[in-house]
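Work through these exercises with the model open beside you. Try each task before reading its solution.

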Amino acid sequence: MRAHLGAALAGHHYVDMRDREIDCHRSTSQRAWAARAIASRREGTLGAAIAEGAAHRRSLGVGMPRPGVHGPTHTHEYYALLRHVDDLCRGTAYPERASAPEDEPLIGQLLAAGTRDHANNSRPTVSAYDMATALLAAGQAPAGDRPSKLTVLRASEEGR
């Protein structure tokens with residue numbers, strides 16, 4: 001879409017629109033979210049981005065939701081993780097594609113960790129919110145206490 005838009009704006013038909021800021025959005029899949037989170041983690045940028053984003057939220061005095069509304073996992077780090085991965089999805093041409101072949105099993109495990117039965121219809125639903133909670137839990141819990149669905153994630157951490 002971006003290439004098509006660029007080609008259209010380069011022509012003579014849309015000269016008046018060249019000075020406008022046009023942003024292309026796509027519907028981002030849960031797989032794209034998982035793929036970008038895993039790629040950032042493998043590249044070593046995830047932890048720093050979470051810490052920086054959480055510090056920025058604190059410096060702005062951003063309040064947290066009312067206790068009991070979301071749960072104890074919804075911290076500044078949680079919201080910084082969501083924002084970082086969403087930004088990666090928006091800035092990546094094909095965000096659902098694995099950045100490296102070794103990311104595939106980790107993407108699958110993160111999708112599985114973010115899946116739960118929907119309360120209204122008992123169908124499994126994958127959520128970026130649940131994947132973020134699982135990622136943070138895998139990064140903060142002692143090795144023996146990490147969720148079993150994230151065993152490959154844990155193994156990748158221990159290899160660093």
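**Exercise 1.** Leaving aside neighbours within four places in sequence, which residues is His84 in contact with?

*Solution.* Start with the ground rules. This is a predicted model, where local features need pLDDT of at least 70, side-chain atom pairs count only at pLDDT 80 or more, and totals for chains, interfaces and linings use all residues. Residues are numbered from 1 along each chain as its sequence is written, and side-chain values use heavy atoms, with hydrogens and water left out.

Step 1: apply the contact criterion, heavy atoms within 4.5 Å. His84 then contacts Ser40, Thr45, Leu46 and Ala49.

Step 2: His84 belongs to helix α4, residues 76-91. Helices (H or I, at least four residues) and strands (E, at least two) are DSSP runs, numbered from the N terminus.

Step 3: look for a polar contact. That is a pair of N or O atoms within 3.5 Å; within protein, one must be able to donate a hydrogen and the other to accept it, and residues adjacent in sequence count only if both atoms are side-chain atoms. The side chains of His84 and Ser40 make one at 3.0 Å.

**Exercise 2.** Classify His84, Val85, His76 and Leu88 as buried, partly exposed or exposed.

*Solution.* Step 1: set the cut-offs. Buried means under 20% relative accessible area, exposed over 50%, and partly exposed in between (1.4 Å probe, protein chains only).

Step 1: compare the values. His84 has 16% relative accessibility, so it is buried. Val85 is buried because its value is 0%. His76, at 10%, is buried too. Leu88 has 27%, so it is partly exposed.

Step 2: Not counting residues up to four places away in sequence, Val85 touches Trp33, Arg36, Ala37 and Leu46. With that exclusion, Leu88 touches Arg36 and Ser40. His76 touches Ala54, Arg57, Arg58, Val62 and Met64, again not counting residues up to four places away.

**Exercise 3.** How do helices α2 and α4 pack, and which residues make the contact?

*Solution.* Step 1: read the geometry. Helix α2 (residues 30-43) packs with α4 at an angle of about 105°, their axes 9 Å apart. Axes are lines fitted to C-alpha atoms, for helices over the stretch in contact, and angles run from 0 to 180 degrees between N-to-C directions.

Step 1: name the arrangement. Angles under 35 degrees count as roughly parallel, over 145 as roughly antiparallel, 65 to 115 as roughly perpendicular and the rest as oblique. The two helices, α2 and α4, are therefore roughly perpendicular.

Step 2: list the contact. From α2 come Ala32, Trp33, Arg36, Ala37 and Ser40; from α4 come Leu81, Leu82, His84, Val85, Asp86, Leu88 and Cys89.

Step 3: check a pair. Leu88 and Ala37 are 51 residues apart in sequence, yet 8.2 Å apart in space, C-alpha to C-alpha.

**Exercise 4.** How many aromatic pairs does the structure hold?

*Solution.* Step 1: apply the rule. Rings of Phe, Tyr and Trp (its six-membered ring) pair if their centres lie within 6.5 Å; planes under 30 degrees apart count as stacked, over 60 as edge-to-face and the rest as tilted.

Step 1: count. The structure holds 1 aromatic pair. The ring centres of Tyr78 and Tyr79 are 5.1 Å apart and the planes stand at 80°, so the pair is edge-to-face.

Step 2: check burial. Tyr78 counts as buried, at 1% relative accessibility.
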